[in-house]
Amino acid sequence: MAVCVAVIGKDNSPKYIKCADEALALQFHYKVHTSIDIIEEKLNIGNKTAVDIRDLYLGLLLTTEEFKIYGYATNTKIKFVIVLQSSNISFRDNEVKTIFKKLHTAYSNAVCNPFYVPGSSINSKSFDSSVTEIMGII
């Protein structure tokens with residue numbers, strides 16, 4: 001089960017974080033911010049070939065005893081982070097990629113709203129319901 005979904009802006013500030021258990025929200029904020037360093041390291045263009053640059057999925061970023069943290073970065077440096085329970089071993093990379101693509105589509109729809117202020121936090125009911133649906137799939 002997905003326990004946390006986060007959208008991080010290009011300046012590494014959180015734009016949206018949703019946790020399954022709000023009592024543990026601080027713990028997940030810490031885990032998401034810890035994964036930002038790994039994302040920045042993977043996005044370092046000096047180490048990549050031309051094929052790697054087009055792949056937005058960053059894969060497994062961090063594993064703990066309880067959680068697995070996956071990352072995805074858009075071409076505009078917006079980062080998506082999903083925290084899964086380690087006990088959920090049924091997901092393969094292709095399925096996680098599909099989930100990130102759905103999240104990316106929901107994000108694109110939210111920021112294309114003419115009333116959205118670029119760079120601000122995401123307060124869209126449709127985006128929130130999409131994230132809730134994605135968390136229910138996992």
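Predicted model: local features only at pLDDT ≥ 70, side-chain atom pairs only at ≥ 80, totals over all residues.

**Stop 1: helix H3**

Select residues 93-111, which form helix H3. How far apart are the end C-alpha atoms of H3? They are 27 Å apart, and this agrees with the 27 Å that 19 residues should span at 1.5 Å a residue.

Within H3, now colour Val96, Ile99, Phe100, Leu103, Ala106, Tyr107 and Ala110, which are buried. These residues cover an arc of only 120° around the axis, and therefore they lie on the same side of H3. Turn the view to the face directed away from this buried side: the exposed residues Asn94, Lys101 and Asn109 are carried there.

**Stop 2: the largest nonpolar core**

Next, select Val7, Phe80, Phe100, Leu103, Ile122 and Phe127. In the largest nonpolar core, which has 26 residues, these touch the most other members. Which elements each supply at least two residues of this core? They are strand S1 (2-8), strand S4 (67-73), strand S5 (79-85), helix H3 and helix H4 (125-137). H3 gives the most, with seven residues.

Centre the view on phenylalanine 100. Leaving aside residues up to four places away in sequence, phenylalanine 100 touches Tyr57, Tyr70, Gly71, Tyr72, Phe80, Val81 and Ile82. Apart from this core lies another, of 18 residues, which includes Cys19, Ile36, Ala73 and Val81.

**Stop 3: the aromatic rings**

Show the side chains of the aromatic residues. How many aromatic pairs does the structure hold? There are six.

Select phenylalanine 28 and phenylalanine 67, an edge-to-face pair with 5.2 Å from centre to centre and 75° between the planes. Phenylalanine 28 belongs to helix H1 (residues 25-42) and phenylalanine 67 to strand S4; the pair links distant parts of the chain, 39 residues apart. Phenylalanine 28 is buried, at a relative accessible area of 2%, and phenylalanine 67 is buried at 7%.

Move to phenylalanine 80 and tyrosine 107. Their ring centres are 5.5 Å apart and their planes stand at 75°, so this pair is edge-to-face. Because phenylalanine 80 lies in strand S5 and tyrosine 107 in helix H3, the pair ties together parts that are 27 residues apart in sequence. Both phenylalanine 80 and tyrosine 107 are buried.

**Stop 4: helix H1**

Select residues 25-42, helix H1. Which residues of H1 are buried? They are Ala25, Phe28, Lys31, Val32, Ser35, Ile36 and Ile39. Display the strands as well: the buried residues of H1 pack against S1, strand S2 (14-19), strand S3 (57-63), S4 and S5.

**Stop 5: the cysteines**

The structure holds zero disulfides.

Is cysteine 19 buried or exposed? Cysteine 19 is buried, with a relative accessible area of 5%. Cysteine 112, by contrast, is exposed at 61% relative accessibility.

Key: Residues numbered from 1 in each chain as written. Heavy atoms only, no water. Disulfide = S-S within 2.5 Å. Buried < 20%, exposed > 50% of the residue type's maximum accessible area, 1.4 Å probe, protein only. Core = buried A, V, L, I, M, F, W, Y, C linked by side-chain atoms within 4.5 Å. Helix = DSSP H or I, 4+ residues; strand = E, 2+ residues; numbered from the N terminus. Contact = heavy atoms within 4.5 Å. Expected span 1.5 Å × (residues − 1). Arc of directions from axis to C-beta. Phe/Tyr/Trp six-rings, centres within 6.5 Å; stacked < 30°, edge-to-face > 60°.
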